[in-house]
Amino acid sequence: MEELAYSDEGAISRYFFFEGVNKLDVFVEDVGKEYEYETILKKLFGEKYKISEIFPLGGKNNVIKTLDEFIENGTIDSEIPKIFIVDGDFDKYLDNIEVKEHPNLVYLEKYNIENYYVDKKATVSFMKGKLEKLDKKVEEIIKFEEWLEETVNDLKPIFILYCIIQENELGIPNVGESEHRIFEDLSGKVISQAYDLLKLQVEKELPNVSELERIMEEKYLKENSDFFDLICGKHLLCSLFLHLKSCGKGFRRADLEWHLTQNIDISKLDFLKQRVETLV
């Protein structure tokens with residue numbers, strides 16, 4: 001229902017209510033994540049642009065539809081520049097998805113904004129306050145690189161199946177399901193049977209799924225050197241949270257994510273900064 005609540009007339013009306021308060025209008029998918037985008041954009045642009053309001057539209061389709069409306073009514077090139085930010089998702093790898101191109105539209109280069117939060121330095125600084133130890137000792141305890149390599153490797157075959165499910169429109173629950181369902185609660189490791197059970201479901205619809213997996217993997221590797229960008233950032237953060245909890249004292253996932261947001265490696269979003277600067 002969230003998609004409907006922020007779609008069409010409601011979203012546009014909210015924009016017109018706040019029209020003129022910004023020096024840069026930013027439209028995003030995620031409802032309720034405006035504060036995160038505000039933090040990130042302030043790091044990215046400093047005081048160069050006043051951004052008092054961010055407009056969440058409740059999904060990629062709504063973002064693109066709103067962009068189209070601005071194009072159609074001739075206001076896309078108004079005095080105040082507008083940038084429309086959408087998740088990368090699987091769009092580049094699926095034949096049934098059309099990737100729209102427009103100067104004001106930016107696809108994140110990774111799956112979604114949460115991928116950019118997964119960072120060793122920021123994670124170590126968070127856990128330093130929890131473990132009350134020097135950086136080197138914290139690194140030894142949390143083993144960030146080992147966790148990340150293992151988690152990406154274990155999630156890779158699952159997410160390739162998710163791509164196949166979406167490309168063939170099978171209707172099998174996939175990346176939109178709760179991320180907790182494929183991780184062990186006490187360690188954050190991927191449940192060993194998760195891939196096998198999912199593949200059995202897909203095989204009932206597509207007996208040649210093993211060949212499709214090979215093709216999808218090759219398609220992905222034409223665009224990327226590793227599989228980090230294939231994995232939804234929410235899944236990585238879920239695993240990281242559970243993994244870190246197993247290393248020390250308890251804390252809330254929201255506190256971890258907020259710290260990571262505040263300490264994001266902003267250079268990873270230079271492509272977004274460059275795109276905005278072409279509009280002004």
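Predicted model: local features only at pLDDT ≥ 70, side-chain atom pairs only at ≥ 80, totals over all residues.
Residues are numbered from 1 along each chain as its sequence is written, and side-chain values use heavy atoms, with hydrogens and water left out.

Where does Asp 89 lie? Asp 89 is in the loop between strand S3 (82–86) and strand S4 (105–107). Helices (H or I, at least four residues) and strands (E, at least two) are DSSP runs, numbered from the N terminus. Asp 89 and Tyr 111 are 22 residues apart in sequence, and their C-alpha atoms are 4.5 Å apart in space. With Lys 60, the side chain of Asp 89 makes a side-chain polar contact of 2.8 Å. A polar contact is a pair of N or O atoms within 3.5 Å; within protein, one must be able to donate a hydrogen and the other to accept it, and residues adjacent in sequence count only if both atoms are side-chain atoms.

Now look at charged pairs. Side chains of opposite charge can pair when their charged atoms come close. A salt bridge is a side-chain nitrogen of Lys or Arg within 4 Å of a carboxyl oxygen of Asp or Glu, and by this rule the count comes to 22. The side chains of Asp 68 and Lys 100 form one of them, at 3.0 Å from N to O. This pair links distant parts of the chain, 32 residues apart: Asp 68 belongs to helix H4 (residues 60–72), and Lys 100 to the loop between S3 and S4. Asp 68 is partly exposed, with a relative accessible area of 24%; buried means under 20%, exposed over 50%, and partly exposed in between (1.4 Å probe, protein chains only). Another salt bridge joins Asp 255 and Arg 252, whose closest N and O atoms are 2.8 Å apart. Salt bridges that share partners also bring Lys 60, Asp 89 and Asp 91 into one network.

Next come the spaces. On a 1 Å grid over the protein atoms alone, a cavity is a set of points where a 1.4 Å probe fits but cannot get out, and a pocket is an open set with protein on both sides within 12 Å along at least five of seven lines; lining residues have an atom within 4 Å of a point. Grid points are joined across faces, edges and corners, and a volume is the space filled by probe spheres set on the points.

The structure holds 1 cavity of 30 Å³ or more, and the largest cavity has about 40 Å³ of space. Asp 89 is among the residues that line the largest cavity, as are Lys 110 and Tyr 111.

The largest pocket has a volume of about 760 Å³. Of its 31 lining residues, the closest to the centre are Glu 29, Asp 87, Asp 89, Tyr 111 and Val 175. H4 gives the most to this lining, with 3 residues.

The second largest pocket has a volume of about 250 Å³. Its lining has 14 residues, and Val 99, Leu 105, Val 106, Tyr 107 and Arg 275 lie nearest its centre. S4 provides the largest share of this lining, 3 residues.
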